[in-house]
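Hi,

Here is the structure I said I would pass on.

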Amino acid sequence: MTSRRQFLKGTAAVAAFTILPRHVLGGKGYIAPSDQLTKGIIGFGGIGRGHHFHMPDRLVAVCDVDQTRLDRGEKMAKEAGFGQVACYHDFMDLINDPNVDIVHVCTPPHWHAIMSIEAAKAGKDVWCEKPMTRTIGEGKRVVEAMKRYNTIFRLNTWFRFEDTFYGLGTEVAPLKKLVQSGLLGWPLKVTVSKHTGFDWKFFWVGKEHLDPQPIPSYFDYDLWLGPAPYKPYNEHRCHDTFRGYWDYDAGGLGDMGQHYLDPVQYLLGKDDESPVKVEIDAPQQHYDAAGTWREIKYTYADGCQIVLWGEDFGDPKTPYIQGPNGNVYNNFVCDIPGWKDKLADFPDPLPQETDFLECVRTRKKFALNEINGHRSCTLVNIGAVALQLGRTLYFDSEKQEFINDDAANRLVYQPMRAPWKL
Amino acid sequence: MKKIIANSILCVVLMFMSVNIFAQPSQRKASTVVGDALAKFPAKDMKLYNELATELIGTGKEGMDLLYNMLEKQDDSMVPVEFALSAITTKATEMGGETLENVKDAFKGYADKTKDETIKQLFVRQLLFLGDNYEGKNVTTSSELDPGTTPEPKIKDIVNSLKKGVDNVTLFDMLNKVSNVDAAKTAIVEALPKVKSLDNKADLIWWLGEQKDKSLAKTFKSYLSDSDARIRKEAAWALTKSGCGCALPTMAKMLTSSDANDVALAESCLRCIPGRVADVVAPYFDKAGDAGKQAILNLISQRESLNYKSLVLGSLFDDSQQVGDAAFSALASVAEGDDLLTLYSLLESSGEANRAKIQDAILAALDGKSDAEKYELLSNRNNIVTPQSKAAYWPMIIKVASMPQIIDILSKNTSDKDLTEKAIASYMEKVEAAEEPGAQRLLRYRAVMDYATEAAQKNAILERIGETGAFQGIMYAAKFLDDKATEVEAASAIRNIATRNPSFYGPEIVALMNRIKSVDTGRDYPYDLQRIENYLAAVPTDDPGYVSMFNGKDLTGWQGMIPTNEYGEGDPFLRYKLSAKQLAAAQAKANKVMAENWVVENGNIEFVGHAYDNLCTTKKYKDFEMYLDWKIYPGQKEGDAGIYLRSCPQVQIWDTARVWVGAQVGSGGLYNNQKTERIPLVIADNAVGEWNSFYIKMQGERVTVYLNGQLVVDNIVLENYWNRDLPIPAEEYIELQAHGSRIAYRDLYIHELPSVEPTKLSPEEEAEGFEMLFDGTSLHKWHGNKVDYNVKDGVIAVESRSRGGNWVGDLYTNEEYADFIYRFEFKLTPGANNGVGVRSPGVGDSAYEGYEVQILDHYNDIYKGWLAPYQYHGSLYGIIPAKNRDALNPVGEWNSEEIYMKGSYIRVTVNGQVVTEGDIVEASKNGTIDGNEHPGLKRTSGYIGFLGHGDRLWIRNVRVKRL
């Protein structure tokens, strides 16, 4: 219970005075003694221990509510050459550790918003794993908070600026160049399916009925749940399989959605808006366990569409991008005759700010930040709401609310288990 | 099967509802609706979901109470109940009004009542959707963020802070919170000249640039000549982002700057600026310095501007090395088909340094042609150039060549080490990119291994072989264990294939795995060793696994096939008629012929004769799976062969070019079948002269074949070629066919599988004159749906429907029966439904067109309370109800059943108890009990069959006796 108390206390404290980032306290041009920014990781599961040791910043603290994972984090940090790092059970302790510049949120999604906002309040910058938030409302709050506390926020997926983009066999930049050239025409339809190299990972389905199990002694299940409803413990809810449950994530859509859809949002230039309609074709969803689906279709106000196909659904020959004047297939094959020559008349996409640590120093927004990150996460979240309700939904992109559907709007902001709140 | 039972198929559900719900709504009790709906949850699609939800809502509080009570019971039906409750929720939210309120009230009541936390949370979740924050004080809804500490700054304060200078954190904090951005822009543009801090000035220009405002272009331009490089950089990017048309000429002019950094900056910006960039920058070429010239060439290259081809060509040999390099780099973007000859001579006359760029240009000029055309053009040129120039062509040729073309190049240039190295590397990339099945990749790698001369090349190939997962890769890799230089990779390949495929075991593999335990694989050696130990511990002790059928040296284990007719065919049924003496003599003669026709050469079994002659195993096989490779030699008059299974033709092998015999369908098919499928599913053949790989599995009378890793025969019955009315022999030889043309076989491994012993009649039944209709091995006495009625492990497994809503049909006897005793055993799954059709015409709905004796797990809850008497198990459907409803064993256990039918008398006995008995004429004299027309009442004879549409059950030991 320490954490809950501290959470409440922390909130009150922030209202009273401003905590400035450590690099601000150092004055203009201040750089940490080792010339490195420092980082603390909350959540030492698959993502936390996976690929974050080789960032050019220095790990100084780790936090987990599972003692075995915390011990593992401590050990791995040593092995990676960071020496003894501070080990916390309670994420508020990590956030309030004055040695931490950047808080890296590696927990399941139901914690992302609270931790990001708490870190921002404490004057830390935030590196948050995908999906950004579990609900649309939480995402709106993160956007507000990052602005209020002048926080540099990175949502961690990267295909909009680097790396080969799955079945397309190219980075996104040349695709963006083609799309922004207008050669394909407008509006465009992007189909994200296994056929084009995007696996929706339906092994992230939950089990429909879980028998209660004793909570392991090394695991603080209450704190792991945090704002999520209290349901009897079963190991399948937690750790490596939590994605299968609506309380914490949204199955394969939650896992891969923002990975696959954020670059599409970038391609279509929809960083400031959301679709106006979502349609689904799926078997009925269980109230607790996320299941599979055949199709999720998003439509934007200008007619652009993003279509997701689960498993092997749909015609394998369908292009990745369909436009009135041409299509783009796997391995960046375009069916416009002489398209490469035609494309040469058009400019490259503008460069993006892709060095997070540089952004932390210069205070310029990172390429994928809370604003466009919230929009791409909204794609995931309105899909999840439509799946749970089993019906077509209409969305107001401005107000970020569903239109004429009370039940859907009740999922925009979902209640949190006391005392957690945003 | 009768249409009342509707627990899996949508079309049946709808039919059911149209009869029972809409026609007689008042007659269905809430319990019936709930019970029936539960069998269909979770709904497979939105249409069904809506229908079920509507039905459930219609049951009101009574239905919801039923569901809640089921939850509290916590039996197996928990999950469908959970789905049903959430369907009610979402439907209620859609309907609103009173319905919503009723559901909300009921659910609140359940949440109050239950003591089970899981059930409570289920209702709390539903209540969230319904708009009730049930947990009240225990949960928090979102509140406003606390106001924070920095109120919105006044623009005046920002400007003032700039006078003294301000740190970037505070500056951006203030700028991000300004709501009147336009006013801030104006104020900052005005203040900018007076800002002293260069950091502040740069950040402010960046911030203005982010506003993407064309009207600020003038401001940005004024800072392009600032003395500070950082300010110039921010101004250039801000101008670019502003979208102002003036950016292009302005930045183009900057290319003539003497400052190399400014030129680089201008080039970066120009790459992102729309418009005819090449046309605008090209005129500055003469005025520009070397850096500017390079930048202009780079931009011409980026925009692939063919108009400036002569500028590019003219700069190739510029005095400045860097300008020349940039021109060579731009070459590919301006090259066209007409330039090929120019580019060829450029390539042949230029040195190593620019070779790669010219090669790129040549490939660009060939763009639009197919790889085959490119290969031909480049090869033709390569054939006429000097030996010194050939080296410049090879990299392009191997890039466009197909895998077989690379093998061809390798075979003709074995002494060219450099080419060999590059060609092998390119080949390996092509194999990876082709993503072919493992067995095919193994063949590809084996083909290129012949040309690998260096240990490094061999090791690279062995490593990939280890990733194929292909059975024969194990034995192939073993050949590289003796060489110290390849030992480690060979051992790794063996280990990787075997440990990832635990079904690959056998004496040779186990010996190899034991042998490679001692090969030190380096850092991971302890783990590798553990994996080997794990593998070995899991090898079954009661099954020898795969054994080799060929020792690589001679034809031990093989014999000549005994011909039994004038065409030289070997009919086993005729062979059975030979006396022992005749057989010995015939075998001796056949072996002599074999010795002339079949040889062991190159480690293969090869046919070198000219007539038709099959090579025959000395051992007979029942059920088995086997691997073998085969190759048709090119230039043969009849590229044709095959694998005979149980002495029956055959898994076909032939040259697909022989279209006049139908070979275009590909190899691997059961080509001599007439009733069942004979054409392969896909054409998976490799070209004549290349190796092919078979995996053949024979279980009972069914055969599965993979050719080069692709499924070509999917569990198809192999017909008895010698007598099509009989099933294939249960045990016979495997034969390698030859058709007068040279053919090679290698790597033959066989794994004998446990086979089913046919069920025999009891001595009593045999004496009484019963006939076996299904003995566990074959459906040859049956016709109709042999797809869903599938023989598996000695029983007929009726598979769950997987083909959507289509009826695939019933299974009927080949013969018709009038008066008879029919006996069989069956096992049901929960709720399963089927039926025995008797005196059936074999088409249409047997329940009406003939008679149906019902098969149904009527114990299942989903039928509770609404089943008509004539629908219980054993009833003569719609005509005579079963009287005994307790004779069935619990679901999951086997049952025995007898149907006795003589004239109009019928008696059904289940597990020794008579359940139905009566006279059909008597029972239907005043119309049938179900009130339906039964045209079948007039029939006195017909087929016996199993009727069903989708439920899983198992049937065995089916016998019949005519009366």
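Ala278(B) is a buried residue, because 22 other C-beta atoms lie within 10 Å and 20 or more is enough to count as buried. Bear in mind as you read that this is a predicted model. You'll find Ala278(B) in helix α16 of chain B, which covers residues 277–281. What is Ala278(B) in contact with, once its neighbours within four places in sequence are left aside? The list is Leu299(B), Ile300(B), Arg303(B), Ser305(B), Asn307(B) and Tyr308(B). Leu297(B) sits 19 residues away along the chain from Ala278(B), and the C-alpha atoms of the two are 8.9 Å apart.

Next, a couple of helix pairs in chain B. Take α14 (residues 247–254) and α15 (residues 260–271) of chain B: their axes come within 8 Å and cross at roughly 150°. Angles over 145 degrees count as roughly antiparallel, and α14(B) and α15(B) are therefore roughly antiparallel to each other. Their crossing is left-handed. On the α14(B) side, Met251(B), Ala252(B) and Met254(B) make the contact, while α15(B) brings Asp262(B), Ala266(B), Cys269(B) and Leu270(B). By class, the residues in this contact of α14(B) with α15(B) are six nonpolar, no polar and one charged.

The other pair is α11 (residues 198–210) and α13 (residues 229–242) of chain B, with axes that come within 8 Å and cross at roughly 10°. That is under 35 degrees, so α11(B) and α13(B) are roughly parallel to each other. The residues of α11(B) that take part include Leu198(B), Ile205(B) and Trp206(B), and among those they meet in α13(B) are Ile231(B), Trp237(B) and Ala238(B). Here the contact of α11(B) with α13(B) divides into nine nonpolar, two polar and four charged residues.

Now for the cores. How many residues does the largest nonpolar core have? It has 171 residues, and those with the most contacts inside it are Met251(B), Ala266(B), Leu331(B), Ile474(B), Ile494(B) and Phe694(B). Helix α19 of chain B (residues 321–334) gives the most to this core, with eight residues. Another core lies apart from it, with 153 residues, including Ala250(A), Ala289(A), Trp293(A) and Ala92(B). Back to Met251(B) for a moment: leaving aside its neighbours within four places in sequence, Met251(B) is in contact with Ala236(B), Ala266(B), Cys269(B), Leu270(B) and Ile273(B).

As for the two chains overall, chain A has 422 residues, 51% of them buried, and it contains 14 helices and 16 strands. Of the contacts in chain A with a separation of 6 or more, 69% are between residues 24 or more positions apart. Chain B has 963 residues, with 44% buried, and its secondary structure comes to 36 helices and 27 strands. In chain B, 66% of the contacts between residues at least 6 apart in sequence join residues at least 24 apart.

Finally, where the chains meet: 51 residues of chain B are in contact with 51 residues of chain A. On chain B, α3 (46–58), α5 (78–95), α7 (117–130), β1 (139–140) and α9 (168–177) each supply at least two residues of the side that touches chain A. That side of chain B has 20 nonpolar, 18 polar and 13 charged residues.

Cheers

Methods. Residues numbered from 1 in each chain as written. Chains lettered and ligands numbered in written order. Predicted model: local features only at pLDDT ≥ 70, side-chain atom pairs only at ≥ 80, totals over all residues. Contact = placed C-beta atoms within 7 Å. Helix = DSSP H or I, 4+ residues; strand = E, 2+ residues; numbered from the N terminus. Nonpolar A, V, L, I, M, F, W, Y, C, P; charged D, E, K, R; others polar. Buried ≥ 20, exposed ≤ 12 C-beta atoms within 10 Å, placed from the backbone. Core = buried A, V, L, I, M, F, W, Y, C linked by C-beta atoms within 7 Å. Axes fitted to C-alpha atoms, helices over the stretch in contact; angles between N-to-C directions. Parallel < 35°, antiparallel > 145°, perpendicular 65-115°, else oblique. Left-handed = near helix turned anticlockwise from the far one by under 90°.
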